[in-house]
Amino acid sequence: MLSEIKDIAAKIAPRLIEIRRHIHAHPELSGEEYQTAAYIAGVLSSCGLSVKEAVGKTGVVGELSGTGSDERILAIRTDMDALPIQERTKLDFASCKPGIMHACGHDVHSTVGLGTAMVLSQLSEPLPGKTRFLFQPAEEIAMGATWMVQDGAMRDVSAIFGVHVFPSIPARSVGIRYGTLTAAADELEIVIQGESGHGARPHQAIDAIWIASQVITTLQQSIGRTQNPLRPLVLTIGEINGGRAPNVIADRVRMAGTVRSLHPETHADLPQWIENIVANICQTYGAKYEVKYRRGVPSVNNNLGLTQILEEASREAWGSEKIEIISEPSLGAEDFSVYLEKAPGCMFRLGVGHADRVNRPLHHPQFEIDEAAIITGVVTLANASYKYWQQSIL
Ligand code: NI
């Protein structure tokens, strides 16, 4: 089957490059992927898939029917949105929209999703069950997966695969991670309310700036003394505002930050842990406080059996030297985790690095990919899907 998959992929390669360049040249921001969605829906229909548009606002779902001998549904998720970045590559197909760029490779993801649909729909022997392709909007604002799930995109799905490009892995290689791939990312806002006064007479005031400094210091130090060191936790206060004049004690400080963790128990305890620290310090010095803790996306935990399938599929297609087993998780976040609350899944990293030049990181205005990666992505996902149907693990 692998040789048939590779043959079809080689045949459609020029078309996939065309598709990728079209999507790249016409980027759309999160939640506004109208033209991208319509374009993707058109390609899916032309491959004979049944297509639903406006799933999860601007998302698209394409379903490839199987013979019906297997009741499971396999989902393959790719995302479609671009970023508010002015492209500074010199590509002929660079963004034609000022200030918007596919700088996170979602143009590649969508193309890989379409390519996989094309390959699987052209196999001489149809697959036993249904394959559902999810083209998700708004990944960059971590909303799209939730919208898709709310609209039933994961209904009856038994397993899901996802992919993200990775510039530090060379093109034609893939990265496989067992277990935790990305972090849970939450948002934190703390307001300290003290009492204003003369800068020369601190004993008659409640200094919100000084109390805020105690809160930040204690939060950072407490990570080292109260949190399990084997369970990573990063807390960054990225915004702080307060005070009006050099000789006036500030009565109010607002801080906002991001909290990243990898372990579900650490994640569960975070709001209470933070609130206790803030409350104790504020009580000691007579300040009032407010803590707002907003849960973001959970952490991506790759399912063992599905990771094995992806590893096996890539090893068979590309040989062991092209497989990188990733040893460390990332503290980045990815809303693929929202699907994993509905079904087990696995996300892999697709190498897109050029062998012969500097590779800019994701979200860089000069981010570029080696287009050879598209076929690597398509064959890997098509072969993994084929292998999924061969096994009855999930
Ligand atoms: Ni991305």
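The axes of α3, residues 106-122, and α9, residues 372-390, come within 8 Å and cross at roughly 50°. Axes here are lines fitted to C-alpha atoms, for helices over the stretch in contact, with angles running from 0 to 180 degrees between N-to-C directions. Helices and strands are DSSP runs, by the way: H or I with at least four residues, E with at least two, numbered from the N terminus.

Before I go on, this is a predicted model, so local features need pLDDT of at least 70 and side-chain atom pairs count only at pLDDT 80 or more, while totals for chains, interfaces and linings use all residues. Residues are numbered from 1 along each chain as its sequence is written, and side-chain values use heavy atoms, with hydrogens and water left out.

Back to that pair. Who makes the contact (heavy atoms within 4.5 Å)? From α3 we have V108, T111, V112, G115, T116, V119 and L120, and from α9 there are I374, G377, V378, L381, A382 and S385.

α9 itself is mostly covered, with 16 of its 19 residues buried. Buried is under 20% relative accessible area, exposed is over 50%, and partly exposed is in between, using a 1.4 Å probe and protein chains only. Its length works out too: at 1.5 Å times one less than the number of residues, the 19 residues of α9 should span 27 Å, and the end C-alpha atoms are 28 Å apart, which agrees.

Now the other neighbour of α3. α2, residues 34-46, packs on α3 at an angle of about 15°, with the axes 10 Å apart. That makes α2 roughly parallel to α3. α2 also passes α3 in a right-handed crossing. I40, V43 and L44 of α2 meet S110, L114, A117 and M118 of α3.

Next, α7. This helix covers residues 304-318, and its 15 residues should span 21 Å, which agrees with end C-alpha atoms 21 Å apart. At its start, a side-chain oxygen of N303 reaches to within 3.0 Å of the backbone nitrogen of G305. Just after α7, G319 takes a positive phi of about 85°. Among the buried residues of α7 are L306, I309, L310 and W318.

On to the loops. Most residues other than glycine have a negative phi. D156, though, has a phi near 65°, and lies in the loop between α4 (144-150) and β5 (159-170). Buried or exposed? D156 is exposed, at 61% relative accessible area. R172 has a positive phi as well, near 75°. R172 is in the loop between β5 and β6 (174-176), partly exposed at 44%.

D70, in the loop between β2 (59-64) and β3 (73-79), counts as buried at 19% relative accessibility. Leaving aside neighbours within four places in sequence, D70 is in contact with P128, G129 and W389.

Last, the whole chain. There are nine helices and 16 strands, and the C-alpha trace spans about 85 × 45 × 40 Å along its principal axes. Buried residues make up 55% of the 394. Of the contacts with a separation of 6 or more, 81% come from residues 24 or more positions apart.

Conventions. Polar contact = N/O pair within 3.5 Å; in protein donor to acceptor, adjacent residues only side chain to side chain. Contact = heavy atoms within 4.5 Å. Parallel < 35°, antiparallel > 145°, perpendicular 65-115°, else oblique. Left-handed = near helix turned anticlockwise from the far one by under 90°.
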